[in-house]
Amino acid sequence: MAESNQQGCLFVGEGVVLKGNFEVPDIASISGTVEGEITAKQVLIEATGVVRGKLTGESIDIRGEVVEYVSATRSLIIRSTGKVTGSINYSEIEIEKGGHLHGDLHNLNPHS
Amino acid sequence: MFSRKPNQASAEEEVLGTEAEEVVEQEVAPPVVTTSEQASSNGYYDNGSRSNISKPSIISEGFVFEGTITSAGVLNISGTVRGKITAKSVLVDASGQVDGELNSEQLVIKGQVKGDVICEDLNIGPLAHVDGNISYKYIHIQRGGKVAGKFIKS
């Protein structure tokens with residue numbers, strides 16, 4: 001996807017453990033473990049990816065696990081292998097069958 | 001089970017909360033109960049088999065029901081239900097509205113639901129609005145579905 005232009009992207013490979021706060025201008029693709037905050041335009045949590053902390057972005061696609069907080073200003077997709085625990089903010093949501101959701105769900109623009 | 005003239009539906013909508021509505025309600029409540037009894041005595045349900053063996057109970061568009069509905073079979077809601085619903089399988093259609101508690105093994109929501117939901121298999125359609133605490137085993141939310149509240153995976 002972003003292989004041709006990786007400018008502004010963050011890739012966390014499987015087995016990598018990252019701690020801290022990350023501001024990503026474009027795509028954050030997480031296959032490893034991140035503890036802390038991630039803010040990115042587009043976030044992909046791959047099946048092996050785990051995020052413990054705050055996850056903020058325009059479009060968020062979760063195949064792995066996110067614990068604590070997720071906020072997606074445009075779209076949030078939880079795939080069948082995805083697992084989200086904690087507080088969730090979204091404007092458009094999709095959960096595939098098998099996706100796991102445990103926590104509070106808020107719509108950012110409920111009157112649209 | 002019970003039939004109703006179509007023009008009666010629009011009349012009902014206009015006289016919501018009036019005496020006319022309550023009269024209709026009383027007439028209709030017993031047949032709904034009968035349906036559920038038939039379903040439980042005649043129908044055998046294996047685990048995992050869809051319960052389309054029995055006829056569904058239907059709350060039609062424009063129809064308002066207040067009270068408790070219990071059914072061992074399928075319930076299709078295109079109208080409005082205020083109260084508690086317990087059924088094996090519930091479909092809240094695009095025009096359907098439920099205010100209150102909803103207990104069902106298989107639940108499909110295409111319309112509006114306000115209240116606590118307990119179910120096993122939950123499918124929320126793209127035009128649905130769901131507001132309340134939801135306890136589920138398997139969930140599927142189609143893109144565009146509006147949901148708010150506490151989600152608990154059981």
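This is a predicted model: local features need pLDDT of at least 70, side-chain atom pairs count only at pLDDT 80 or more; totals for chains, interfaces and linings use all residues.
Two strands pair if DSSP finds at least two bridges between them.

**Stop 1: chain B as a whole.** You will find two helices and 13 strands. Chain B has 154 residues, and 33% of them count as buried. If you draw its contacts between residues at least 6 apart in sequence, 16% of those join residues at least 24 apart.

**Stop 2: where the chains meet.** Now bring chain A back into view and select the contact between the two chains. Chain A supplies 17 residues and chain B supplies 16. On the chain A side, the elements giving two or more residues are strand S7 (93–95) and strand S8 (100–107). Color S8(A) separately: with eight residues, S8(A) makes up the largest share of that side. By residue class, the chain A side splits into five nonpolar, seven polar and five charged residues.

**Stop 3: across the boundary.** For a landmark, pick Asp104(A) and look across to Lys150(B) in S13(B), which stands opposite.

**Stop 4: the partners of S13 within chain B.** Which strands of chain B pair with S13(B) in the parallel sense? One is strand S10, residues 129–131, which pairs with S13(B) over three bridges. Click His129(B) to find its bridge partner in S13(B), Lys146(B). Another is strand S11, residues 134–136, also parallel to S13(B) and also with three bridges. Here the pair to click is Ser135(B) and, opposite in S13(B), Ile152(B).

**Stop 5: zoom in on Gly149(B).** This glycine sits in strand S13 of chain B. Is Gly149(B) buried or partly exposed? Gly149(B) counts as partly exposed because it has 19 C-beta neighbours inside 10 Å, while a buried residue needs 20 or more.

Show chain A again and select what Gly149(B) touches, leaving out residues up to four places away in sequence: Leu105(A) from the other chain, and Asp131(B), Gly132(B), Asn133(B) and Ile134(B) from its own. End with a distance label between the C-alpha atoms of Gly149(B) and Gly132(B): they are separated by 4.8 Å, although the two residues are 17 apart along the chain.

Notes: Residues are numbered from 1 along each chain as its sequence is written. Chains are lettered from A and ligands numbered from 1 in the order in which they are written. Helices (H or I, at least four residues) and strands (E, at least two) are DSSP runs, numbered from the N terminus. A residue is buried if 20 or more other C-beta atoms lie within 10 Å of its own, exposed if 12 or fewer, and partly exposed in between; C-beta atoms are placed from the backbone. Two residues are in contact if their C-beta atoms, placed from the backbone, lie within 7 Å. Ala, Val, Leu, Ile, Met, Phe, Trp, Tyr, Cys and Pro count as nonpolar, Asp, Glu, Lys and Arg as charged, and the others, Gly among them, as polar.
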